[in-house]
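Please look at the model below with its sequence alongside. The paragraphs that follow go through a helix and then through a set of aromatic rings.

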Amino acid sequence: MAIEKTALYNNFDRLYEWLNTNALGTYFDEIIKDTYTVECKCGGKDFISFSDKLNISDYGIKITKQNGGYLRTYSSSLKETGYAYGWKTGGGLALAFDTNYSGFTVPGFFITKDNLGNTAVIREKNFFTVSSTYYVAAETLKSFSLGKYLEIIPLKSPITSFSPVVVSEAEGSFTPNVFITPYTQYPGEAVLDINGTKYLSNGVFIMKD
């Protein structure tokens, strides 16, 4: 399929419509919207909660783990409803967030499946930015890798190399459609064609079409 990019215009209703169209039934069993949040569920359990207030500490984005604990993050540098773009590929979905200070919006929050069929989130440490040093984290409801980050320093290099992201060492799970590029350029959105296969890249992660 072609890689599809959709402008969300920092509009919470557009985010919900985009997720409902592209994620329901594939990555989430239920997607429920109320005034302030969009709740995405797997197996009847909350997994990801998207808020309309990304720049307030009690809102932001929340990822829930199986035992009921969760990680919530926000950024004061973001526009309140800072959902800029969504991408759909054959291997998953990606989101970019809009800051108050620049129009630099590249995909940094990936939703995909691991090799065991679990919906997984692959993201930069603080969700919202793709910076000069990367801390990669991966979560499913079953496996929550908080604090287990891979640090990558970008180097100017002609080498094209990538490897799957490990989700759970214990289960041996990994992402067959989202990869990390140890030798990378500076961050930016790009569509790569490697031996006839297209990939969505942010300069650090790449997602297969």
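The N-terminal end of helix α1 is capped by N11, with a side-chain oxygen 2.9 Å from the backbone nitrogen of D13; a polar contact is a pair of N or O atoms within 3.5 Å, one able to donate a hydrogen and the other to accept it, and residues adjacent in sequence count only if both atoms are side-chain atoms. This is a predicted model, in which local features need pLDDT of at least 70 and side-chain atom pairs pLDDT 80 or more, while totals for chains, interfaces and linings use all residues. Residues are numbered from 1 along each chain as its sequence is written, and side-chain values use heavy atoms, without hydrogens and water.

Helix α1 spans residues 12-22, and its buried residues are F12, L15, W18, L19 and N22. Buried means under 20% relative accessible area, exposed over 50% and partly exposed in between (1.4 Å probe, protein chains only). Helices (H or I, at least four residues) and strands (E, at least two) are DSSP runs numbered from the N terminus.

A search of the whole structure finds eight aromatic pairs, that is, Phe, Tyr or Trp (six-membered) rings with centres within 6.5 Å, stacked under 30 degrees between planes, edge-to-face over 60 and tilted otherwise. F50 and F109 form an edge-to-face pair, 5.9 Å centre to centre with 70° between the planes. F50 lies in strand β4 and F109 in strand β9, so this pair ties together parts 59 residues apart in sequence. Both F50 and F109 are buried. F12, F50, Y83, F97 and F109 form one aromatic cluster.
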